[in-house]
Amino acid sequence: MNNSSTLQNSLMLAPLIGATDSLMKALGLWLMFIVVSSVFGLCMAALRARLMPATQVVAGVVLAATLTSCAELGAQAWSLQWHQHMGMYAGLIALQCVVMDQTGFFQRTGPDRLRLCALFGALLTGMGLLRELIGSGTLGNHLPWLAGATPPDWQGWVLTADGGMRLAILAPGGFILLGLLLAAWQAWARPTPSH
């Protein structure tokens, strides 16, 4: 693992912990990430040949900020409640796009990029699903906000009457759950010693 992939992965940690307290926020952030990063990659591929190497970073920052701002305005027009719950995490997509461009993410092959985006999305939605189940005791609470509809009585599928364990939807609970998932992955992937 080199320093550029460490920086790229650590930048994904903030939305992974902060924006996964519900399935709705995780799916919405992943959708916004896919749209913005795809358009950014296409635009930078077209611009890269026309730019001097010294101006590529500045052009990338301006383009990423513009695309993320447009996506946020679109999200605000589509569903104000969802946009308000996203907070600052949608703005981190611009920074992530610039870092991915500088580390050569957009120069990789299509299947490799698709695999990494799918892995990030699976991790986002998995964390969102687990944290909502454990923390709120519901599944799909406020999910119609992504469709732009706001039915007044939809509360998702309530699985527990007491509401779940509140720590799971807070940031420390996200770190604890991520640590437990990483420990389970390490224990599962580790080969068993033969005696």
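Predicted model: local features only at pLDDT ≥ 70, side-chain atom pairs only at ≥ 80, totals over all residues.

Entry 1, charged pairs. I started with Asp112 and Arg115, whose side chains meet in a salt bridge with 3.0 Å from N to O.

Next I asked what else Asp112 pairs with. Arg108 forms a salt bridge with Asp112 too, and there the closest N and O atoms are 3.8 Å apart. Arg108, Asp112 and Arg115 are therefore linked in a network of salt bridges.

Then I checked how open these three residues are. Arg115 has a relative accessible area of 48%, so it is partly exposed, the range between 20% and 50%. Arg108 is partly exposed at 33%, and Asp112 is partly exposed at 22%.

How many salt bridges are there in total? I get four. One of them joins the side chains of Asp21 and Lys25, at 3.1 Å from N to O. Is Lys25 buried or exposed? Lys25 has a relative accessible area of 8%, which means it is buried, as the cut-off is under 20%.

I looked up the largest nonpolar core, which has 33 residues, and Leu29, Met32, Phe33, Phe40 and Ile93 touch the most other members. Helices H1 (3–18), H2, H3, H4, H5, H6 and H7 each supply at least two residues of this core. Which helix gives the most? H2 does, with eight residues. As a general note to myself, nonpolar side chains tend to be buried together in soluble globular proteins.

Setting aside neighbours within four places in sequence, Phe33 is in contact with Met12, Ser38, Ile93, Gln96, Met100, Cys117 and Phe120.

H3 covers residues 56–78, which is 23 residues, and at 1.5 Å a residue it should span 33 Å. Its end C-alpha atoms are 32 Å apart, so the two values agree.

What in H3 is buried? I found Gln56, Gly60, Leu63, Ala64, Leu67, Thr68 and Ala75. The buried residues of H3 pack against helix H2 (23–48), helix H4 (80–86) and helix H5 (92–102).

Thr66 also lies in H3, but Thr66 is partly exposed, with a relative accessible area of 41%. I checked Thr66 against Ala94 as well: they are 28 residues apart along the chain, and their C-alpha atoms are separated by 8.4 Å.

I came across a nonpolar surface patch of about 790 Å². Its residues are Leu129, Leu130, Leu133, Ile134, Met165, Leu167, Leu170, Ile176, Leu180 and Leu181. Where does the patch come from? Helix H6 (110–135) and helix H7 (171–189) each supply at least two of its residues, and H6 has the largest share, with four.

Leu181 is partly exposed, with a relative accessible area of 33%. Patch residues need over 30%, so Leu181 passes that cut-off.

Methods. Residues numbered from 1 in each chain as written. Heavy atoms only, no water. Patch = residues over 30% accessible without salt bridge, like charges linked within 9 Å, V, L, I, M, F, W, Y side chains within 5 Å. Areas by Shrake-Rupley, 256 points an atom, 1.4 Å probe, with all protein chains shown as cover. Buried < 20%, exposed > 50% of the residue type's maximum accessible area, 1.4 Å probe, protein only. Expected span 1.5 Å × (residues − 1). Contact = heavy atoms within 4.5 Å. Core = buried A, V, L, I, M, F, W, Y, C linked by side-chain atoms within 4.5 Å.
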